[in-house]
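Q: I would like to learn how the features of a structural model are read, one at a time. Could we work through an example together?

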Amino acid sequence: RETPIIFKSLAEEWFVRRYVPTCTEKTVSLTRSRLERYLYPAFGGRDVKSITPQELLEFLVRVQEKSVETGHRLKNIVSQVYRFGIAKGVCSQNPASDITGALTPKHTDTHYSTIRTAPQASELLRAVIGYDKNYIVRLALLTLAYTFVRPGEVCRCEWTEIDFDAAEWRIPAEKMKMRREHIVPLSTQAVH
């Protein structure tokens, strides 16, 4: 008789070996919390081969009664743990794959204003250039327009990351979601 592979042991190995090295500290902390708050109490001591798609679905449906988003996040974590286990050869099926489409869909009908035409982009840029309420905010908005980075990256930018001679902004890997350095070419407007 083969030794059972306990869900918590497999999840911890996946977390340490595959997840932590590729994610930001904040993301790692959120996933750790979800493992300990939801998944370990429900499945932590179970053999990975004994967890059925039906009981995983029942568990996730109960979670979704309070938070649809959390249910989807937990399903994603379980799926990654099982994919890791399949790659290791310790299990052959992923119960999370078998319930794809069975959860309550995420709420996605929020629509945000979008710039779709060159005249709209020109109008927005003129409004930003003419903004005189706060000089720092105006510069941050212009930097966003000239670089197409996320607002958080502009807020966390440090002067040591900017190479004015090469016209590059090198965002260090530890600041990036995928843990890879990101090089942003800087236009003449962004440099000046």
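Predicted model: local features only at pLDDT ≥ 70, side-chain atom pairs only at ≥ 80, totals over all residues.

Q: Which parts of the chain does the pair of F43 and F59 tie together?

A: F43 belongs to helix α2 (residues 25-43) and F59 to helix α3 (residues 53-64), so the pair ties together parts that are 16 residues apart in sequence. F43 is buried at a relative accessible area of 5%, and F59 is buried as well, at 8%. Ring pairs also link F43 and F59 with F7 and Y82 into a cluster. A ring can have a charge over it too: the charged end of R32 sits over the ring of F15, 4.3 Å from its centre.

Q: Is V78 buried or exposed, and which residues is V78 in contact with beyond its sequence neighbours?

A: Buried means under 20% relative accessible area, and V78, at 2% relative accessibility, therefore counts as buried. V78 is found in helix α4 (residues 68-88), and, leaving aside neighbours within four places in sequence, it is in contact with F7, L39, L56, N94 and A96. T70, also placed in helix α4, is buried with a relative accessible area of 14%. The side chain of T70 makes a polar contact of 2.8 Å with the side chain of S67, while Y38 and V63 are in contact with T70 from beyond four places in sequence.

Q: In what order do the strands of the sheet lie?

A: Three strands form an open, antiparallel sheet in the order β1-β2-β3. Because β1 (162-163) and β3 (182-185) each have a single partner strand, they stand at the edges, and one side of each is left without a neighbour in the sheet. Two bridges join β1 to β2 (residues 168-171), and the bridge partner of D163 in β2 is E168.

Q: How many disulfides does a search of the whole structure find?

A: A disulfide is a covalent bond between the sulfur atoms of two cysteines. The search finds zero disulfides in the whole structure. As for individual cysteines, C23 is buried at a relative accessible area of 12%, and C91 counts as buried at 8%.

Conventions. Residues numbered from 1 in each chain as written. Heavy atoms only, no water. Helix = DSSP H or I, 4+ residues; strand = E, 2+ residues; numbered from the N terminus. Buried < 20%, exposed > 50% of the residue type's maximum accessible area, 1.4 Å probe, protein only. Contact = heavy atoms within 4.5 Å. Disulfide = S-S within 2.5 Å. Polar contact = N/O pair within 3.5 Å; in protein donor to acceptor, adjacent residues only side chain to side chain. Pairing = 2+ DSSP bridges. Phe/Tyr/Trp six-rings, centres within 6.5 Å; stacked < 30°, edge-to-face > 60°. Lys NZ or Arg CZ within 6 Å of the ring centre and 35° of its normal.
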